[in-house]
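Work through the exercises below with the structure open beside the text. Each task is followed by a solution in steps.

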Amino acid sequence: MITITDLEKFYSTEEIKTIALNKLSFKVNQGEFVAIMGPSGCGKSTLLNILGLLDDPDGGSFVFNGEEVSKYGERQRANLRKHNVGFVFQSFNLIDELTVFENVELPLIYTGVKPDERKKRVEEVLEKMQIMHRSKHFPQQLSGGQQQRVAVARAVVNNPKLILADEPTGNLDSSNGNEVMNLLTELNTAGTTIIMVTHSEHDAKYSNRIIRMIDGQKVTENVLV
Amino acid sequence: MIGEHFKIAWRNLKKNKVYSFINIFGLALGMATTILIGLWIFDEFNFNRYFTNHDKIGQIYQNQGSNGDIGTGEFMPRPMEFVLRESYTDNFKHIAMASNRESQYLKYKEKNLSRTGNYLQEEGLKIFEPEIIKGVENGLIDKNSIMISESTAKAIFGNEDPIGKIVQIDSGDNMIVTSVYLDFPVNTSFKDVHWLIPWKHYVSQSWLRNSVSHWGWNSFQIYAQISDNLSFPKVNINIADSKLKANKANADYNPKIFLLPMKDWHLRSVFENGVQSGGRIENVWLFAIIGAFVLFLACINFMNLSTARSEKRAMEVGIRKAIGSDRKQLITQFLMESLLVVALAFMISILLVVVFLNPFNELASKEIQFPWANGVFWICSMLFIAFTATISGSYPALYLSSFKPVKVLKGTFKGGKLSALPRKILVVTQFTVSIALIIGTMIVMSQILYSKDRPLGYNEAGLIQIPALSKEFNGKSDLMRNQFIASGGAIEMGTSSNPTTRITSTRGGFTWEGKPEGFQDSFVWTEVSYDYVKALGMEIVEGRDFSREFATDSSAFLINETAQKYMGLTDPIGKLLKYPTPNGSEIEIKIIGVVNDVITDSPYSPIQQQFYVFDRNDNNDYYNLRLNPDKSITENLSLIEKTLKQNFPNLPFSYEFIDEEYAKKFAAEERVASLAMVFTILAVIISCLGIFGLASYMAEQRKKEIGIRKVLGATINNLWLLLSKDFIMLVLIAILIAAPIAYMVMNGWLQKFIYRTEISWLIFISAGLGAIVITLITVSFQSIKAARANPTKSLSTE
């Protein structure tokens, strides 16, 4: 599904050039659950942004579903992203002015789904995430775990091929964290490809492959049985 | 989708109540100001549109040259009527002669009311088509008929039917009321025409009999409606030389006749050297510009406050983009939010307009009604909302939608130093406009005060003027003078043919020794009695005043200093002047004295050359009385009234205070200055609202920094200065930009006054200091509040 080859990303100021990704190469197949680990500043988040088509690399190749997307412009990336990628963030990133229902509905609005269909799909996914009873509440009225479930619901409502999770349990206690990891595992079992950035060895064990990075390069790659 | 946008916009407004209030109220104030100005401008352009044929009606004017200067006037000699009717028939559908607007006392039983009106030819009714509500359509057929306005009918007759009743006018003639017409609306040139009497009655008066063939007697008005198939420019070409061709004796003055269209009467009736140069239209443009500026300031506020809070919305933009929104959708969202704010502001602005319309009408001397039922107004309002939403919302929409999700999603987005630059530019722009308006208004007021302070040349305080209301006054000036003085109500009296504060008569064609060949003279002509100079408190500069001791003074006259220079006389006393009379003969009069210059007409114009000729026939038109300074005004008036009534028991006591009449000359400029001051204050309030919002936002932004500085020992004063100085810098920059612009514009405006004030540097200092003080006051509230906050609260959240 995803093949990156010699991927490079730099950040330059007047005096220094920082290499965030240094000729990174790996593949992710459809249906895999991959965890990316490494110390702070190793380039995990930069990699995730590029994989999520939020950012473009400075060098190398990025093939997404058979398309070379490394040279895509902003509009092309946005179009590909909204139809194929769902995001789960560490700090949930729900919109405070929208209710739970409206937050989850948002990706469907952006992909032009009709109102009736939207309602049906949002209710389905909220039921699945067991958060339907709070659909009219605002994010600030929910606990951390509930907010992250809503975020997961939003990420999957458009049936994306890929879910990118950036420290999804970082702001949660262990109980809620496990709950979210179980959700992600269920989604993966159902066929969704998941790439997760994490510091937690515990969370990494939910994946079936761990890629470790240091200084923008892949250091090790372990398949979990 | 649009419903979504409005829902989010509404929730955002509720979430940030203070900013929402500042935004919406500031915009509402700006929009209300623009709507009021818009209504005022609409009313100005709608002037005279009440008349069905307004686009075909005009008044005959003439340009005449005199020593290189071309004067323009609407007063015509009577023979012009016949020339236009007989030789230029095809150009006109209707022609009507009319008198100048006059005041008459209309007497019926015990009622005796003064009303203004016109003598008018019957054809004038076809031109102006007054709406007849009682009586006959053509009420001017009979020579002794009178048509009256509805309000006049009510005032005189109450519930009685006025038709067929007899009303006595000043001349003592009895007039039959033949029609009652609806009062002409306030925004017409005929709003104060409350009676119409046939022209044939007017010209039957003995003193006008010779005017029918007199080309030099320019005292009458000619109205016309041009033919349907012609335009004004075409007609003007045709009639330009009509007077010249009909009367070769006028050749020296090179008269050019033209029609001034009705649409120009109100707004474009000022002429300079024969060329139409403008008039009230300048005020219209001035207020249009002010209105646009005030709205612009309100939009700047919106833009500033929206972009200042952008960092709080950056995360939302990042999330939306991450989950699939493209830039166009975000721009639409933010524009919709602007639209909601603008729509709310518009509703509040309508409320403000309704509440303040009456006081505004009073200030502007208008009777504007809110156009609830006017579809055009509401369509324009919708466009106005859309336009304002686009103008004020476009920059925030473009700015906010440009955020890159990668940069904002971490939650640590901060606008760079350059992100504040557009906001600073907008604040500087706001204050430049406000300061320029302040300076402009102060200079206008300074010019008015300067003109008011200009010495009149006589003592206007304690001086009243009584119009001679009937022929009964003739021949009695000495008698009345003695009686008024004996009563104790007055200490001096003189009569005049002109009112003291207006020029109503000019004459030319005089000859004197040393008059240059071909010199086209024109003088203000006033016939006066003995003691006129004394009554007014004028000064004899050379020679002497009229005296009862000299019988020959019946053929004497005084000239003013300007006339002496105009005539080129170094030694004027004893010089003779010949002048033509209406009946074609010549009279010789002698100069016995030179009086000081007095302001008789506009306080902004130079004094005209004037003759004070002895009123040998005692045909006085105005009594000018110097009140007794040892008694109160009320007492004096009571004594004078008693004396008047003893002599003229049937005439009402009507008088004017000369100083009040003179003060009215400033009414138009004072109105403009008052309106400009109101709008300037509004502009400053809007700017302050914006600064208040920005100061509040900035204090919130720098909470952590303030906390740290306090911990390290900063005092409240240190912190107040830290937070205020940025804004003061911006205001100083605005002062430096505004001052030269305001100077250039106002210096240009002052050039139109011959008598004008200097622009004092104090005005600029005051405006600048005022702006700084206002800014400090506005900003200090937030600065001091932030400076006094507990630092532990701001630091513990980090």
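A crossing of two helices is called left-handed if the near helix is turned anticlockwise from the far one by less than a right angle, and right-handed if clockwise. The model used here is predicted.

**Exercise 1.** Describe how helix 12 and helix 13 of chain B pack against each other.

Solution. 
- Step 1. Locate the helices: helix 12 of chain B covers residues 327-364, and helix 13 of chain B covers residues 375-400.
- Step 2. Take the geometry of the axes, which come within 8 Å and cross at roughly 140°.
- Step 3. Classify the angle. Over 145 degrees would count as roughly antiparallel, so helix 12 of chain B is oblique to helix 13 of chain B.
- Step 4. Assign the hand: the crossing of these two helices of chain B is right-handed.
- Step 5. List the contact residues. Helix 12 of chain B contributes, among them, B:Ile331, B:Phe334, B:Leu335 and B:Phe346. From helix 13 of chain B come residues including B:Ile385, B:Ala389, B:Gly393 and B:Pro396.
- Step 6. Sort the contact residues by class: 13 are nonpolar, five are polar and none is charged.

**Exercise 2.** Which residues of helix 5 of chain B are buried, and what covers them?

Solution. 
- Step 1. Within helix 5 of chain B, residues 150-157, the buried residues are B:Thr152, B:Ala153 and B:Ile156.
- Step 2. Viewed down the helix axis, the buried residues of helix 5 of chain B lie within an arc of 100°, and therefore line one face of the helix.
- Step 3. The cover over these residues includes strand 4 (102-108), strand 5 (111-120), strand 7 (145-149), strand 9 (174-181) and strand 10 (195-198) of chain B.

**Exercise 3.** Summarise chain B as a whole: how many helices and strands does it have?

Solution. 
- Step 1. Chain B has 25 helices and 26 strands.
- Step 2. Its C-alpha trace spans about 105 × 55 × 55 Å along the principal axes.
- Step 3. Of its 798 residues, 40% count as buried.

Key:
Residues numbered from 1 in each chain as written. Chains lettered and ligands numbered in written order. Predicted model: local features only at pLDDT ≥ 70, side-chain atom pairs only at ≥ 80, totals over all residues. Helix = DSSP H or I, 4+ residues; strand = E, 2+ residues; numbered from the N terminus. Buried ≥ 20, exposed ≤ 12 C-beta atoms within 10 Å, placed from the backbone. Arc of directions from axis to C-beta. Contact = placed C-beta atoms within 7 Å. Axes fitted to C-alpha atoms, helices over the stretch in contact; angles between N-to-C directions. Parallel < 35°, antiparallel > 145°, perpendicular 65-115°, else oblique. Nonpolar A, V, L, I, M, F, W, Y, C, P; charged D, E, K, R; others polar.
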